[in-house]
Amino acid sequence: MLSYILRRVVATLPVMAIVALFVFSLLYIAPGDPAVVIAGDQASPEDVERIRQSLGLDRPFLIQFGSWVWRILHGDLGTSIFTNLPVSTMIGQRLGPTLSLMVITLLLTIVVAVPLGVVAAWKAGSLIDRAIMGFAVFGFSLPVFVVGYVLAYVFALELEWLPVQGYTPLTDGFWPWLQNLILPAIALGCVYIALVARITRAAMLEVLQQDYIRTAKAKGMGQSGILFIHALKNAAVPIVTVIGLGIALLIGGAVVTESVFAIPGLGRLTIDAILRRDYPVIQGIVLLFSFVYVLVNLMIDVIYTLVDPRIRY
Amino acid sequence: MDRRTVLKGLAGASGLALTGGLSAPAIAQGAAARTLRFVPQANLANFDPIWGTQYVVRNAAALVWDTLYGVDSSLVPQRQMVESEEVTDDGMTWTFKLRSGLKFHDGTPVLSKDVVASLNRWAARDPMGLMLKAIQQELTAVDDRTFKWVLKQPFPKMLYALGKNNSPVAFIMPERIAQTDPFKQITDYVGSGPMKFATGEWVPGAKAVFEKFADYVPRQEKVSWLAGGKQILVDRIEWIVMPDPATAAAALQNGEIDWWENPIADLVPVLKKNKNISVDIGDPLGNIGSFRMNFLYPPFNDVRARRAVLMALSQEDYMRALVGDDETLWKPLPSYFTPGTPLYTETGGEILKGKRDIDAAKKLLAESGYSGQPVTCLVAQDQPITKAFGDVTADLLKKLGMNVDFVATDWGTVGSRRAQKTPPGQGGWNMFHTWHAGADCINPAPYTAIRANGDKAWFGWPTSANTEKEVTAWFDAKNLDEEKAAVSRLNKAAFEDVVYAPTGFFLSYTAWRKNVSGITKGPLPFFWGVSKTA
């Protein structure tokens, strides 16, 4: 197993290299100029050119790419064109809120979506099943920002139960941390819950047709035992796969959610960097997201062996 | 490796990441009333007011760095860090003396050498500073509190240059910081103003914190804009960046923020209904909407084509597209200058008055030789102002029978493409939309957009010898009457050559909780005199 994990980690290197080249090239040919943004609306073309030179943006593509790769190989993601702060520092500042949001959303999804899917499969064709699947379609169809605004209006403005926006670090207390994340996590989780609930239902339906389930029933085993011990465990592989792949969905959704709830996370940093053409920051974030995605895929493969002993590498 | 080991490891890693190195200081309940939470107009992405000239940087910098002079609400420069000044009869030697007791945030005194270094850095980036440098003989520190600026010719606008509120402002920094190349960003934010910048709490794009500087010595005079006694009545000011206006509106209603610099017009009715919120015009100098036509290529290289567009242009259409039905937020502007300011004039602005004559405009356009070639019109869709203006312009050009190549893009792309001097079909352009802060259009000094010196002019590169002649006349003017006369002629010349097309004058609101008091109208948010109750 360990050698498999090592092989997979090494295999991420060419993937990251391709991502790096792709991202750098894309940004190089994309329209827009950070020097123009920095110089401001009243700046003369000469001022813009001086700033461009001072940032090294006037150098040829290969030289810029080479020096960026060289820095990356030395563990340096570079410095933001705008803030003059190291990209790693900026990512570090924003990692906590995004990670918090993703963890809470993930937990919420597992706690809500899996039981919903199980119940829907158990009561397949019933009113409960249709209600759950109806909710799933609804959740999947609603844009994150619409859910976010509605939640903020009801629970923050009208009921005054939760704050509208912001983020409090966990070090300032569990409840302050959690109360800022509840509404964003629900907003972000809607699509994810819908997706996982549907996959859980489909996987469970298939498993519930198996002979061993009939045998368990014949032996007089309780309904919950059949569903959650025998069936769910055997239906876990596709569920785990979707939960893992859904991380990408979360990363994309976090961009919108963080803007709606003013959470200072990586999603907002990404948008800001793109709008300002802050190339080093964009490159750093995309590399990070790519790495996370590769890592999540690796974790899914490892988790397969834990939920299904028949899978070995 | 078994399931339990993996799950424990994951839980541990998550916990570590969530708690490690991410903390921000908690505010005690009692301290909340001493903390003002403010939502600025934009993200404070950098903090060097000379290197980056965005308004948001200027606004934050005004808290941290003081100036030698500051303009008051009458747009007159008043002494700020300076105690006295003398100018020789020939107007060429200025001697300034600093107030005693001035300190930087690191406790060191403000000395003449700091001022000289700061002025040198500022002058390399500011249009008025560049003019001063061009006629400078020497700028030297005479002693710790006295410095001298010797010129080769008189510069009557000296005090205005040192006290103006337009970017870049002549902020005074410690010499070691001011010696940074003006085209490179500073990394040390030790200031001379009433608030200290809490560098450790700065999260660009999310939050910036300013703390009261106990050793700041305010002037005794009543405060007025950038002049007078800048008394800070709170301990801490937090700038919280909120990209989504709806979120900012909800946060203000919920009491999570105290002051929102510029709520969008669509949300103002909701805020006005809330009994805990005050809403008023923020900046009485407002903004001037505009689109610029490229003087280098047909059809707008012919003045008749530019005039034809102006003849057909309805400023009301532009303004209503932007601010809706709120009549208090806009007014027609047959002028290039900010209404309500001393130099405002409508001389030459008749072309924008009265009923719009599309037929006459079409005729003039035909006389210019326009024969249906595409007109590349750049419109940034991510800026509500330019989006609204662009839609109206497209309609206007179509009414004139022009073939519109409507380029819907983002502001960043407009920013770089407008600098291209290549033909419109090869990456260039024919027109783009923007707007100018009214504070920048009160006189020709900070007004880059009115300059018409061809290649050296702002994007569109207008050429108008008469306009340039009157800009020079304004700089040479000895008194207000002479200034008014020069600007009147300038306005006429600019309309004759259509340096750019003004689309109207518009204002915007600011909104704050009613437990906050002392907010004044001005071209930037002034925090001195602002207090808050629990």
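Two strands are said to pair if DSSP finds at least two bridges between them. With that in mind, note that this is a predicted model, and let me turn to strand 18 of chain B, residues 501-506.

Which strands pair with strand 18 of chain B? One is strand 13 of chain B, residues 287-293, joined in the antiparallel sense over 5 bridges. Within chain B, B:Asn287 stands opposite B:Phe506 of strand 18. Strand 14 of chain B, residues 330-331, also runs antiparallel to strand 18, with 2 bridges between them. There, B:Lys331 has B:Phe505 as its bridge partner. As for burial, 6 of the 6 residues of strand 18 are buried, and the strand is mostly covered.

I now come to confidence. The average pLDDT of chain B is 92, and 94% of its residues score at least 70. Residues 1-29 of chain B, however, have a pLDDT below 50, although this stretch has 27 contacts in the model beyond near neighbours in sequence. Where pLDDT is low, the predicted coordinates should not be read in detail. For the complex, the predictor gives an ipTM of 0.84 and a pTM of 0.87.

Finally, the interface. In the model, 47 residues of chain B contact 55 residues of chain A. On the chain B side, helix 1 (3-19), helix 7 (245-253) and helix 13 (411-417) each supply at least two residues. Helix 1 of chain B gives the largest share, 6 residues. By class, this side of chain B has 18 nonpolar, 22 polar and 7 charged residues.

Note on methods
Residues numbered from 1 in each chain as written. Chains lettered and ligands numbered in written order. Predicted model: local features only at pLDDT ≥ 70, side-chain atom pairs only at ≥ 80, totals over all residues. pLDDT = per-residue confidence, 0-100. Contact = placed C-beta atoms within 7 Å. Buried ≥ 20, exposed ≤ 12 C-beta atoms within 10 Å, placed from the backbone. Helix = DSSP H or I, 4+ residues; strand = E, 2+ residues; numbered from the N terminus. Nonpolar A, V, L, I, M, F, W, Y, C, P; charged D, E, K, R; others polar.
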